[in-house]
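Me: I would like to learn how to read a structure like this one, step by step. Could you show it to me and then take my questions in turn?

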Amino acid sequence: MKINRIFAVLMAVIFIGSQPMAVLAEDVPNEIENVSNETEELLNETEDIANETENVSDEAETVSDETAESEGLRDQSGFVENSFRYSNGQPIQKRSAGAYAISDTSNAYKKINGVCYNSQGEPVEGAIGKVIDVSEHNQDIDWEKVKNSDVDFAILRVGYGNDVSYQDDKKWQYNVSECTRLGIPFGVYIYSYAENTTEAESEADHVLRLIKGYNLAYPVYYDLEDNSQVSLGNDTIQKFAETFCNKISNAGYQVGVYANLNWWNNYLTGSVYNNWHRWVAQYNYQCDYNGNYDMWQCTSKAQVEGISTDVDVSFYYDNLLSDADVNTPVVEVGDTDLISYCANIQNDGWTDWKKNGHALGTIGKSLRLEALKIQTNSENLGVSYTGLVAGYGWTDEVQTGAMLGTEGQSRALEAIKLNLTGDDAENYDIYYRVHSSNFGWLGWAKNGEKAGTEEYGYAIEAVQIAVLPKGSAAPGETADAYHFNEEWNKPSVKYTAHVQNVGWQPTCCNQETAGTIGKNQRLEALQISLSGRGFSGDIHYSTHVEDIGWQSEVSNGETAGTI
């Protein structure tokens, strides 16, 4: 309303300023009175418009509430958080006896030279990094300062409860935009109010609506802690978790459950929780949970540069960055032994063989998949496959059991195509999808379609294959299985650098930087080529190498330098 009124006054001033300059002095009071009356009329009209707009908004909200009720969803507009860490919607602190007898406050809740320290300034055994989780309660955050702190990544709250926009976290859009802009890795969580599986599914929809288009490096967490849910019983709460987590997993995201030690010991006790990441909250100098977990929230009272309020701090363990099949739902395929596959992963070498329907590779480690082998367990069924290898282009087709890609050359697979062969091929479809750096999980491709990216220089980090009976529904979304960068069709110069301790980097184009800056890592070799649709030409180049001098000239993508 204030904005509308200021606008009306400004319009009145402009109106006055536009009057003829030849106004008799005795007419001025009348003119002012006229303008005043007209201004009052404008204010009244503005007030009417505002009231009408408010009425329309109320009507829309009423329709939304009626729709929610018809779908079995409660009106949660008056709900506030009440749990071990919230009282009537405001953060509180519950301290365990002796938990905050801090002996070295300079190190408490910090990560220094790769070592994480608890409230007593002691190293946390097994912890490899520091995490913060934030919401609107943390107000405006200076994310540039956070990025320069000892924080490795963040878990952002998307909101709470059912999938209605007024329950979005008020700082979600700002927080996710800043993390994306600054390249800060993140996961997300939602605070649950569910009292039935319909509401649990709506909470999953709430998350999926808001994270669409963003690249999550870490899981989606289901926050189970509200006091209103305790009386529902363990079996009911488990149904909520299954409904939520399965929907998030089926959408291609890692998923986990957050709760405090009391909930994990007394309410979240089913074996189904082994299928997801566990995040345990216990405000103490150590975590006393006896089950498996990969994050421990140790305080809500830490101080982090760039955040004016107290902030939750957790430490995470290496099992959070485990193989992709831990984080990715297994596809129901019927015959799990029909096909199997293994991969050569950057720095890790060859993996164990994975069975039909499983994911293979890593997520969150930024490790490229460099080679792939696929075999079948039926003499009447085979597989042929080809791939896009960084710096080489699409390979020739290879057959069952052969290696696709490279070994020891530090080259990423960027896209693949798979086909079934043999007499039984007509009885099956082969589906496959890839987890691409900077894109995440892409859609499912089928029977020789391309999966991955081309002309982006993005590595495949994980792959999932499912051989299903002919005509079966796709295991998930099929859109966006393959991305081709049209900008690279333009005439351009492309180049890739081999860097000390890194190997071959992704391909660069037209003035992009190849190599590293400020890391004291030498550039050891180059490959340069020209490209573009309808473009032809040659490029010749030579490099001067330490202790060798100028090498012989090479051309068109050949290697100059030494490896």
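Me: What should I know about the model before I start?
Reply: This is a predicted model, in which local features need pLDDT of at least 70 and side-chain atom pairs count only at pLDDT 80 or more, while totals for chains, interfaces and linings use all residues. Residues are numbered from 1 along each chain as its sequence is written, and side-chain values use heavy atoms, with hydrogens and water left out.

Me: How many helices and strands does the protein have?
Reply: Helices (H or I, at least four residues) and strands (E, at least two) are DSSP runs, numbered from the N terminus. Here the protein has eight helices and 37 strands.

Me: What share of the residues counts as buried?
Reply: A residue is buried under 20% relative accessible area, exposed over 50%, and partly exposed in between, using a 1.4 Å probe and protein chains only. Of the 563 residues in this protein, 48% count as buried.

Me: Which share of the contacts joins residues at least 24 apart?
Reply: A contact means heavy atoms within 4.5 Å. Among contacts between residues at least 6 apart in sequence, 61% join residues at least 24 apart.

Me: How many salt bridges are there by this kind of rule?
Reply: A salt bridge is a side-chain nitrogen of Lys or Arg within 4 Å of a carboxyl oxygen of Asp or Glu, and the count comes to 26 salt bridges. In one of them, the side chains of Arg85 and Asp312 meet at 3.0 Å, N to O. This pair links distant parts of the chain, with Arg85 in the loop between α2 (28-70) and β1 (86-87) and Asp312 in strand β12 (residues 311-317), 227 residues apart.

Me: Are Arg85 and Asp312 buried or exposed?
Reply: Arg85 is buried, at a relative accessible area of 4%, and Asp312 also counts as buried, at 12%.

Me: Which residues form a salt bridge with Arg209?
Reply: One is Asp163, whose closest O atom is 2.6 Å from an N atom of Arg209. Arg209 lies in helix α5 (residues 197-211) and Asp163 in the loop between β6 (153-160) and α4 (172-182), so this pair ties together parts that are 46 residues apart in sequence. Another is Asp168, which meets Arg209 at 2.8 Å, N to O; Asp168 is in the loop between β6 and α4, 41 residues apart from Arg209. As for accessibility, Arg209 is partly exposed at 36%, Asp163 is partly exposed at 28%, and Asp168 is buried at 16%.

Me: Which residues are linked in a network of salt bridges?
Reply: Glu81, Glu136, Arg157, Asp169 and Lys170 are linked in such a network.
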